[in-house]
Amino acid sequence: MKSKTYLFPISILLLGLSLLLNLSLGSVWIPFGEIVGGLVSGDWTKTSWEQIILNYRLPKALVAIFAGIGLSLSGLQMQTFFRNPLAGPFVLGISSGAGLGVAILILAGSALGFALSGINSWAIATAGILGAGLVLSGVSLVAWRVRDSMTLLIVGLMFGSAVSAVVSVLSFFSGAEALKLYTVWSMGSLGALGWTQVSILGILIALGSLPVFLSIKSYNALLLGENYARSMGIRTQQMRWVMILSTGILAGGITAFCGPIAFLGIAVPHLARMVWKSSDHRILFPGSALIGAILLLLCDAVGQLPGLASTLPINAVTSLVGAPIVITLILRKNFSKDF
């Protein structure tokens with residue numbers, strides 16, 4: 001069946017509408033026309049609207065787009081490489097590694113009696129990136145010795161379990177204030193970043209996405225298995241390193257800056273296959289990126305609780321949306337068609 005490539009313009013339009021909806025919702029409703037006019041001309045009807053959009057909502061919306069793209073591309077890479085429909089950015093333990101870095105900064109510091117007042121978003125992001133890099137290095141060392149992809153998948157899960165155990169031990173010995181700070185981070189947030197951090201996250205997403213789009217033909221060959229890919233001249237060991245590096249940059253960077261965001265990396269690639277009716281990664285990679293960005297923008301809009309000052313944790317909203325999608329896919333047994 002031919003893929004529905006005509007859906008790309010529709011998806012881009014939906015992305016624009018989702019962005020406008022995301023920017024307009026919140027404790028203060030801002031009309032679409034005012035947003036478009038203000039962003040295009042720089043002339044705002046109210047100064048307060050300009051401050052809200054430029055200093056809070058627009059950076060948060062861009063983070064949602066970046067995170068949706070990065071997590072979706074990570075999930076699709078891993079599902080194709082491991083030929084496992086439930087593979088996602090958390091499988092190799094990279095996101096858990098970012099959590100470990102933040103836990104060491106917050107929880108271990110509290111257990112040793114250090115003050116928490118000096119911990120800011122930059123410190124948390126740096127700790128998350130270092131933690132993700134540490135686990136990525138461990139996975140890379142294992143990948144050097146292990147040739148079977150399923151074994152690497154199991155090792156990644158073990159890395160994640162070990163990291164979770166360390167975090168649990170740190171939580172046991174830490175104080176109430178540190179536990180609260182870590183719990184808030186673990187719920188995920190898209191709105192805690194300034195423009196400098198948003199720019200750095202955008203650079204990380206670009207760097208992590210580049211190997212993906214340079215290896216599209218290789219991923220198509222992997223659909224028929226590693227042996228077939230080797231017969232086509234694909235260096236599967238090199239592909240493994242590409243996948244590990246790309247996933248580490250994408251998932252590690254997003255988790256470090258935004259906290260863990262669940263289910264998006266698992267659910268979105270399957271949604272892309274259903275929407276575009278294709279297994280061609282030339283369609284699936286951009287399709288997954290678009291759906292991921294749209295879905296996270298909409299999840300963030302739902303979490304805004306329009307008319308109220310409160311905002312739901314983004315991890316809770318994506319779990320509520322993503323879990324039913326995965327369950328529905330399992331019940332429909334679409335996995336057997338995709339892999």
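A: Ring pairs link Phe-213, Tyr-219 and Phe-285 into a cluster, where rings of Phe, Tyr and Trp (its six-membered ring) pair if their centres lie within 6.5 Å. This is a predicted model, in which local features need pLDDT of at least 70 and side-chain atom pairs count only at pLDDT 80 or more, while totals for chains, interfaces and linings use all residues. Residues are numbered from 1 along each chain as its sequence is written, and side-chain values use heavy atoms, with hydrogens and water left out.

By the ring rule the count comes to 7 aromatic pairs. The rings of Tyr-219 and Phe-285 have centres 5.4 Å apart and planes at 75 degrees, so this pair is edge-to-face (planes under 30 degrees apart count as stacked, over 60 as edge-to-face and the rest as tilted). Because Tyr-219 lies in helix H9 (residues 216-222) and Phe-285 in helix H13 (residues 281-303), the pair ties together parts that are 66 residues apart in sequence; helices here are DSSP runs (H or I, at least four residues), numbered from the N terminus. Both Tyr-219 and Phe-285 are buried, that is, under 20% relative accessible area with a 1.4 Å probe and protein chains only.

Helix H13 also meets helix H1 (residues 7-24), the two axes coming within 9 Å and crossing at roughly 20 degrees, with axes fitted as lines to C-alpha atoms over the stretch in contact and angles running from 0 to 180 degrees between N-to-C directions. That makes H1 roughly parallel to H13, a term for angles under 35 degrees.

How values were computed: Helices (H or I, at least four residues) and strands (E, at least two) are DSSP runs, numbered from the N terminus. Buried means under 20% relative accessible area, exposed over 50%, partly exposed in between (1.4 Å probe, protein chains only). Angles under 35 degrees count as roughly parallel, over 145 as roughly antiparallel, 65 to 115 as roughly perpendicular and the rest as oblique.
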